[in-house]
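Work through the exercises below with the sequence and the 3D structure open. Try each task before reading its solution.

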Amino acid sequence: MPVRPCRGIVRRLNGQTICFTGRVLVDDEWRVRTHCAERARQEGATPKTDFSQKVTLVIYGDLASKVVTDDSRTYSSTLVNAEAERRRGRHVCVVDGDGFSKLLRGRPAPCLELRRARTGRVRPVAAATTEAHILGGPLRVRRTGRRSSADLTLDLNRLDEATAVHEATVGALIAHLSRQGIEACTYSSGAPEFDAGWSRGEDIFVAEIKSLTGAREGQQIRLGIGQILDYAHQLRSAHPSTVIHPVLVLEKRPSAARWTALAEGVGLRLTWAPGFSGI
């Protein structure tokens with residue numbers, strides 16, 4: 001079988017060379033191909049009117065609106081060509097209108113399987129993947145701010161500082177993984193709300209990120225260990241055939257060396273910025 005570089009998930013339109021099989025249902029509204037092509041171009045894609053070996057993504061739209069004279073040709077030649085390319089070892093991704101809508105919003109979309117019938121027709125079918133149910137869209141660093149009030153008993157400035165450190169660690173982790181050609185992701189809908197996730201081959205890594213600024217180190221690390229082990233347990237129960245690696249990421253090296261031994265003892269990886277050793 002041809003390799004699927006997308007691993008069942010199309011993550012973005014940017015950089016894709018795309019073509020459409022017809023008009024597309026975008027966010028519950030039918031859109032003609034010219035409109036869809038312009039929307040895709042705005043997201044960094046290169047639309048093509050016809051299928052070619054440059055096409056990397058096919059948007060499966062409405063075929064019923066096409067004028068045909070031969071019932072055996074009511075399937076799209078674009079899908080046939082995409083399926084043929086897959087058979088030759090070049091994987092062409094295919095998404096439907098719902099997937100295209102997700103990509104326009106910056107969300108990942110499932111890549112559809114293509115099945116050929118004896119008549120020669122090719123139809124797209126949903127291909128549920130484990131990664132699709134765990135990893136969501138690209139992870140982003142959130143903006144943080146500072147504030148002050150003499151009337152509050154809770155020190156919000158200190159809280160904001162810890163939040164800023166947390167997001168700085170997120171950014172450093174994203175950059176670290178990116179240098180290895182790995183995209184850091186958020187969690188998918190329905191998955192536990194871990195801080196970061198990524199894949200290596202068939203294995204999936206989920207991480208909890210903890211700042212040590214403005215808090216008791218031991219308390220933060222214990223909290224992080226409990227959270228990430230809980231997330232990993234939930235995911236292993238839901239996806240027993242998938243290898244899940246829990247990771248606890250700290251903003252800096254902990255002062256007590258015992259935390260590394262403890263992490264190894266309970267089956268999780270402990271790492272910290274800026275080097276993120278072990279991941």
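**Exercise 1.** Leaving aside its neighbours within four places in sequence, which residues is R90 in contact with?

Solution. The model is a predicted one, in which local features need pLDDT of at least 70, side-chain atom pairs count only at pLDDT 80 or more, and totals for chains, interfaces and linings use all residues. Residues are numbered from 1 along each chain as its sequence is written, and side-chain values use heavy atoms, with hydrogens and water left out.

Step 1: Locate R90 in the loop between α2 (77-87) and β7 (93-95). Helices (H or I, at least four residues) and strands (E, at least two) are DSSP runs, numbered from the N terminus.

Step 2: Apply the contact criterion, heavy atoms within 4.5 Å. With the neighbours within four places set aside, R90 is in contact with F51, S52, Q53, V55 and E85.

Step 3: Compare sequence and space. R90 and T56 are 34 residues apart in sequence, and their C-alpha atoms are 9.0 Å apart.

**Exercise 2.** Describe how the side chains of R90 and E85 meet, and classify the accessibility of each residue.

Solution. Step 1: Recall the general point that side chains of opposite charge can pair when their charged atoms come close.

Step 1: Check the distance. A salt bridge is a side-chain nitrogen of Lys or Arg within 4 Å of a carboxyl oxygen of Asp or Glu. The side chains of R90 and E85 form one, at 2.8 Å from N to O.

Step 2: Classify by relative accessible area: buried is under 20%, exposed is over 50%, and partly exposed is in between (1.4 Å probe, protein chains only). R90 is partly exposed because its value is 25%, whereas E85 is buried because its value is 5%.

**Exercise 3.** How many salt bridges does the structure hold, and which residues are linked with R11 in a network?

Solution. Step 1: The structure holds eleven salt bridges.

Step 1: Among them is the pair R11 and E183, at 3.4 Å from N to O.

Step 2: R11, R12 and E183 are linked in a network of salt bridges.

Step 3: For contrast in setting, take E38 and R41, whose closest N and O atoms are 2.9 Å apart. Both lie in helix α1 (residues 33-42), three residues apart, about one turn of the helix.

**Exercise 4.** Is S101 buried or exposed, and which residues does S101 contact beyond its neighbours within four places in sequence?

Solution. Step 1: S101 is in helix α3 (residues 97-104).

Step 1: With a relative accessible area of 2%, S101 is buried.

Step 2: Beyond those neighbours, S101 is in contact with L25, V26 and D27. The C-alpha atoms of S101 and D28 are separated by 9.2 Å, although the two residues are 73 apart along the chain.
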